[in-house]
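Biologist: I have a new chain on my screen. Please walk me through it.

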Amino acid sequence: MSTSLAWDERYQGGGFQFGEAPNRYLESLRPWLRPGMRALALGDGEGRNGVWLAGQGLATTSLDWSPVGSTKAAALAVSRGVALATVTADAAAWDYPEAGFDLVAWIYLHLPPADRAAAAAGALRALAPGGLLALECFTPAQQGRRSGGPKMPELLWSRAIVEELFGGLEVLELLEGTVALDEGPRHQGHAEVVRALLRKPG
Ligand SMILES: C[S@@+](CC[C@H](N)C(=O)[O-])C[C@H]1O[C@@H](n2cnc3c(N)ncnc32)[C@H](O)[C@@H]1O
């Protein structure tokens, strides 16, 4: 059974594994954001994305199964003077509130297929009508690159997986390709990713 222990260990040391700045794709979506929107940062780790969303005026919940990550996320929010709700939970088993969020940020959360499907169903339920899902994850082409990502191929994403799991959402953007990552010590260099911005009808 997978647990958060490996992530707890990674986060235990000083510093931020993926930096303190938000993911660039998420940051590029700023024109879609409005203060007061409710955001869920899924698998938010040390909180760089949740804290940035909170700084944009969004009422943000940062969810991760690593208590060490969530504690660091909460501390980062305090240091930035923003409000951030933290939840320590398994993204595949959390009780997602129906229509509870206007944005779900799914940034580099890589789960085994059954857990991925369960978390995606939860994210879909949690999106309010008109709500946005923003995703950036590694694809199989990332294998062999040293710029980050899971070792197990079944955890990787693709455009086809996005289409399968989020087929009910309107595609605003859906791209697979090479990007340059500069995100803390763990995401450095060229990388192969899928990026998606999807909207729930309504
Ligand atoms: C590659 S890190 C990305 C962290 C963050 N999204 C970022 O971009 O900085 C993946 C995160 O997913 C979390 N994670 C993995 N499996 C999870 C699960 N089943 N439930 C909740 N969080 C999970 C890990 O604890 C880790 O913080």
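**A loop, its neighbours and the core**

Biologist: Where is Glu46 found?

Modeller: Glu46 sits in the loop between β1 and α3. Those labels are DSSP runs, numbered from the N terminus: helices are H or I with at least four residues, strands are E with at least two. Residues are numbered from 1 along each chain as its sequence is written. This is a predicted model, where local features need pLDDT of at least 70 and side-chain atom pairs count only at pLDDT 80 or more, while totals for chains, interfaces and linings use all residues.

Biologist: Is Glu46 buried or exposed?

Modeller: Glu46 counts as buried because it has 28 C-beta neighbours inside 10 Å. The cut-offs are 20 or more other C-beta atoms within 10 Å for buried, 12 or fewer for exposed, and partly exposed in between, with C-beta atoms placed from the backbone.

Biologist: What is Glu46 in contact with?

Modeller: Leaving aside neighbours within four places in sequence, its contacts include Tyr11, Phe16, Gln17 and Phe18. Gly69, Lys72, Ala73 and Leu76 are also in contact with Glu46. Contact here means backbone-placed C-beta atoms within 7 Å. Take Val68 too: it is 22 residues from Glu46 in sequence, and the C-alpha atoms are 8.0 Å apart.

Biologist: And where is the place of Asp44?

Modeller: Asp44 is in the loop between β1 and α3. It counts as buried because 29 C-beta neighbours lie inside 10 Å. Beyond four places in sequence, Asp44 touches Asn49, Gly50, Ser62, Leu63, Asp64 and Ala73.

Biologist: Now β1. Which strands does it pair with?

Modeller: β1 pairs with β2 (residues 59-64) in the parallel sense, over five bridges. β1 and β4 also run parallel, joined by four bridges. Strands pair if DSSP finds at least two bridges between them. Leu42 stands opposite Leu63 in β2, and Ala41 stands opposite Ala105 in β4. β1 is mostly covered, with four of its five residues buried.

Biologist: How many residues has the largest nonpolar core?

Modeller: It has 52 residues. A nonpolar core is a set of buried Ala, Val, Leu, Ile, Met, Phe, Trp, Tyr and Cys residues joined through C-beta atoms within 7 Å. Those with the most contacts inside the core are Leu42, Val104, Ala105, Trp106, Ala123, Leu133 and Ala134.

Biologist: Which element gives the most to this core?

Modeller: β5 does, with seven residues. Among the others that give two or more are α4 (67-80), β4 (101-107) and α5 (113-126). In soluble globular proteins, nonpolar side chains tend to be buried together.

Biologist: What does Ala134 touch?

Modeller: Leu26, Leu29, Leu103, Ala105, Trp106 and Leu197, not counting residues up to four places away in sequence.

Biologist: How many bridges pair β5 and β7?

Modeller: Seven, in the antiparallel sense. Leu133 has Leu198 in β7 as its bridge partner. β7 also pairs with β6 (residues 170-183), antiparallel over 13 bridges. There, Ala180 stands opposite His190 in β7. β6 and β7 form a hairpin with three residues between them. Gly184 in that turn has a positive phi of about 65 degrees.

Biologist: What is the phi of Ala99?

Modeller: Near 55 degrees, a positive value in a residue other than glycine. Ala99 is in the loop between β3 (85-88) and β4. It counts as partly exposed because it has 15 C-beta neighbours inside 10 Å.

Key
Contact = placed C-beta atoms within 7 Å.
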